[in-house]
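Colleague: Walk me through how to read this one. I will ask about one feature at a time.

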Amino acid sequence: MNELAISAQGLTKQFKTRGGMVTAVENLSLRVTPGETYGLIGPDGAGKSTATRVILGLLTRTAGESSILGFDSMADSYEIRERVGYIAQQNVLPADLTVMENMRFFAGVQCVSAEAQKKRIPELLAFAGLSNFTNRLAGRLSGGMKKKLALACSLIHEPQVVMLDEPTLGVDPVSRREFWSLLGDLRAEKGLTIFVCTPYMDEAERCTQIGLLYGGKLIAAGTPTQIKGLLPGHLLEFTPAQFAAAQQRITGMEGVLELQTYGEKLHVFVDDVGARKAQIEMALAAEGIAHDDLREIEVRMEEAFISLVQQQTEKVGV
Amino acid sequence: MSNGTGLDPQQPIVVRNLTKKFGDFVAVDNVSFAVNAGEVFGWLGPNGAGKTTTIRMLLGLLHPTSGSTHVLGLNSATQTKAMHAIVGYMSQQFTLYNDLTAAENIRFYGMVYGLSNRDLRQRQAEIIQMAGLEGREKALTSTLSGGWKQRLALGCAIVHRPKVVFLDEPTAGVDPISRRDFWTLIYAMAKEGVTVLVTTHYMDEAELCQRIGFISQGRLVALDRPGRLKQTQMRGDVLELNVSNPDLAMRILKAAQQSGQLPLDEVALYGAQIHAVVPSAEAYKEVLRALLSTAGIEVRSLERIAPTLEDVFISAVNAPA
C-alpha cells in the first residue's frame with residue numbers, strides 16, 4: 001500500500017438535500033503512483049471537487065476507503081496536511097496582502113521555520129515568475145499570475161503531493177500553458193506527484209494517467225493513449241452542405257459505429273475507412289448532398305470522452 | 001490588415017482602424033477586419049488583449065478613441081439604438097431570470113424587444129423547440145442544467161431575429177456534449193444567414209470557426225481560416241519525442257534551452273511525451289537525438305507533428321513586435 005501516492009477504493013459520497021439523497025461520487029477506485037501526473041477529467045458537476053475533498057479528508061466519506069501516501073483520509077488528516085499541497089477550486093488569496101505577504105502568510109499557516117522561509121520563498125517566487133512582483137497586492141495580479149501565486153503558496157511546506165482543483169479555470173490559453181509548464185518542471189525536477197482536476201479535455205494530454213469522471217462515476221481510466229484507444233474504429237470528418245439531411249442519411253448505415261456533430265462538420269466513426277468512405281460518398285451523392293472531401297482524422301480526448309459518455313448513457317437507457 | 005482598405009461596407013461587421021486608449025494604455029491598437037454574412041467568426045486572444053473592449057465598441061457601449069465599427073451598416077457609436085434593435089448579444093453570465101420559467105424568460109426578452117403578441121407566441125414555440133426545451137417550458141430557470149440554460153440564453157438573445165449575434169464566451173462551464181449541441185445551433189443560425197462573432201477559451205471550439213481573428217496586446221496578429229493559420233503562422237516546427245525517461249530528458253532539454261545550446265522556442269511535457277518547438281525539424285531532429293542518446297536516454301520516436309491552434313497562438317503571442 002505504501003508505494004502508492006494516492007489511493008481510493010469504492011469511495012462513495014452522498015449528500016442529503018431537500019430532494020433526498022444525492023450521490024456525488026459513486027464507487028470510485030483509483031491508484032496514483034509517486035511521480036505521476038494524474039488528471040481527473042470531467043465536466044462541471046461530475047463530482048471532481050467532491051472526490052478531491054473526500055480524498056483530502058476535508059469531507060467525510062459515505063463508504064469506501066482512501067489514503068494519501070499511505071495515510072488514511074479520515075484518521076490521519078494532520079499527517080496529510082503536512083505532506084500535501086492543495087489549491088481549492090474557488091481558491092481565494094488574501095487580496096489585500098502583497099505577493100510576499102501571501103507567501104509568508106501561508107508559510108506561517110504551515111509552520112515553516114523563519115530560516116526555511118528565507119530560502120524557499122525567493123526560490124518559489126522565481127519558479128513562479130513572480131520575483132519582480134513581490135510588493136504587488138494579490139488582488140491586483142492578472143488571473144494567470146494569481147494561479148501561479150496560489151501554486152507557489154501550496155508548495156511552501158515542500159509537499160510530496162499536490163492536489164489541484166481546476167487550477168486553470170477561467171484562465172486564457174497562454175496562461176494555461178504557462179501553468180502547465182510549471183507543473184512539468186515540478187514533475188521533471190522534483191518528482192512531485194500531481195493530482196489535477198480539469199474540465200478541459202486537451203489538458204488530459206498533459207497527464208501520465210487520467211480518469212474520466214461523469215455523473216459521479218469513473219467511466220474510463222488509463223494513459224491518454226489507452227483511453228483514445230478505447231474508441232471503436234476510425235474517425236472520418238467532412239462538411240456537408242445540408243447538415244441535417246446528411247446526419248439523417250448516415251445514421252444507422254452499415255459499418256457506421258457512431259456519429260458526432262462538430263460545428264458545421266460531421267464526425268463519423270466507421271469500422272473500415274476504405275469501404276465505408278466510398279459507401280458514404282455514394283449515399284450522399286444519391287441524396288444530392290454536396291460535401292467536401294471525407295478525410296480520416298486523429299481521435300482527440302474530446303471525441304473519446306463524448307463517445308464514452310454516449311455509450312454509458314445508452315447502457316443505462318437499456 | 002493595418003490600413004483597413006479593401007473592407008466592404010456591405011459586410012455585416014466592419015471594424016476599421018479601431019483604436020481605444022485608456023489614458024496612456026492602448027487597449028485596442030489600429031485593428032481592422034470584416035466579417036462576412038452568415039460567417040461564424042472566432043474573436044480570440046488572451047485575457048487583457050483587447051477582445052472584450054472590441055466587442056464593447058461593436059455594441060456601442062464604449063466609444064473608440066479613433067477609427068470606427070459598423071454593424072449592419074450602422075455606426076456602433078452614433079446609431080447605437082437602431083443597431084441594438086437588430087443585433088443579439090449573449091454573455092457568459094447567461095443573463096436569465098432564475099425565478100422565471102423558461103417560457104417566461106423568452107416572453108420577457110420578446111417584450112423588451114417590442115415583439116407583437118402574435119410574433120411572441122410564434123418565437124416562443126420556435127425557441128423552445130430549438131433549445132430542446134419541450135416539456136420544460138414551465139420549469140423554473142434555476143432548476144435547468146447548464147446546457148439547457150445556455151441554449152435558453154441563446155434563444156433569448158435571438159428572440160427578435162437579429163441578423164448579427166455576438167457571443168462572449170457562451171460555453172464557459174458547460175459540459176462537452178452540451179457544447180457540441182450548442183455549436184450545432186450556431187451553425188444552424190449561420191445557415192439561415194445570421195452572422196456570428198464568438199469568443200472562447202476552448203481551443204477545440206476555435207477550430208470550429210470558419211475564420212479567426214487573433215488579438216494580442218491590442219493588435220490583430222492573425223486573421224485567417226484555422227487550417228491556414230496552422231500552415232502560415234507557426235514559427236518553427238513541433239517535434240514529438242517518445243523517450244525512455246521523459247523526466248530526465250525534459251531536464252536535459254530545459255538545461256540546453258536555458259544555456260542557449262539549443263534554440264528551443266518551447267519544450268514541454270505532454271504525459272509520457274515531450275513536445276519541443278525547433279526552428280526547423282530537418283536541422284534539429286538529429287541534434288536532439290544525439291543530445292539525449294549521449295545522456296543514455298533511448299529515443300523511441302522523434303517525429304514532426306502538426307501544430308495545434310494553441311501552438312500557433314502561443315507562437316503569435318510570443319512573436320517579437
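Colleague: Which residues are buried in helix 11 of chain B?

Modeller: Ground rules first. This is a predicted model, where local features need pLDDT of at least 70, side-chain atom pairs count only at pLDDT 80 or more, and totals for chains, interfaces and linings use all residues. Residues are numbered from 1 along each chain as its sequence is written, chains are lettered from A and ligands numbered from 1 in the order in which they are written, and side-chain values use heavy atoms, without hydrogens and water. Now the helix. Buried means under 20% relative accessible area, exposed over 50%, and partly exposed in between, with a 1.4 Å probe and protein chains only. Helices (H or I, at least four residues) and strands (E, at least two) are DSSP runs, numbered from the N terminus. In helix 11 of chain B, the buried residues are B:Leu309, B:Glu310, B:Asp311, B:Val312, B:Phe313, B:Ile314, B:Ser315 and B:Ala316. That is eight of the ten residues, so the helix is mostly covered.

Colleague: Where does helix 11 of chain B supply residues of a lining?

Modeller: In a pocket. Rolling a probe the size of a water molecule over the atoms shows where empty space is left. On a 1 Å grid over the protein atoms alone, a cavity is a set of points where a 1.4 Å probe fits but cannot get out; a pocket is an open set with protein on both sides within 12 Å along at least five of seven lines, and lining residues have an atom within 4 Å of a point. The second largest pocket has a volume of about 820 Å³ (the space filled by probe spheres set on points joined across faces, edges and corners). Its lining has 36 residues, and the closest to its centre are A:Phe127, A:Ser181, A:Leu182, A:Asp185 and B:Lys254. Helix 4 (114–127) and helix 6 (173–190) of chain A each supply at least two lining residues, as do helix 9 (246–259), strand 12 (266–270) and helix 11 (309–318) of chain B.

Colleague: Which helix gives the largest share of the lining of the second largest pocket?

Modeller: Helix 6 of chain A, with nine residues. By class, the lining has 16 nonpolar, six polar and 14 charged residues (Ala, Val, Leu, Ile, Met, Phe, Trp, Tyr, Cys and Pro count as nonpolar, Asp, Glu, Lys and Arg as charged, the others, Gly among them, as polar).

Colleague: What order has the open sheet of four strands in chain A?

Modeller: Strands of a sheet pair through backbone hydrogen bonds, either parallel or antiparallel. Here the order is 2-1-4-5, with antiparallel pairing (two strands pair if DSSP finds at least two bridges between them). Strand 2 (20–32) and strand 5 (71–72) are the edges, each pairing on one side only. Strand 1 (residues 6–17) is joined to strand 2 by nine bridges. A:Lys16 stands opposite A:Met21 of strand 2.

Colleague: How is chain B divided into domains?

Modeller: Bounds come from an automatic or database domain assignment. Chain B has domain 1 (13–231) and domain 2 (234–318). Their contact (heavy atoms within 4.5 Å) takes twelve residues from domain 1 and nine from domain 2. Their centres, taken over C-alpha atoms, are 38 Å apart. In chain A, domain 1 (6–228) and domain 2 (232–298) have centres separated by 41 Å.

Colleague: Is B:Tyr113 partly exposed or buried?

Modeller: B:Tyr113 is partly exposed because its relative accessible area is 32%. B:Tyr113 lies in the loop between helix 3 (102–112) and helix 4 (117–130) of chain B. Beyond its neighbours within four places in sequence, B:Tyr113 is in contact with B:His84, B:Val87, B:Cys156, B:Val159 and B:His160.
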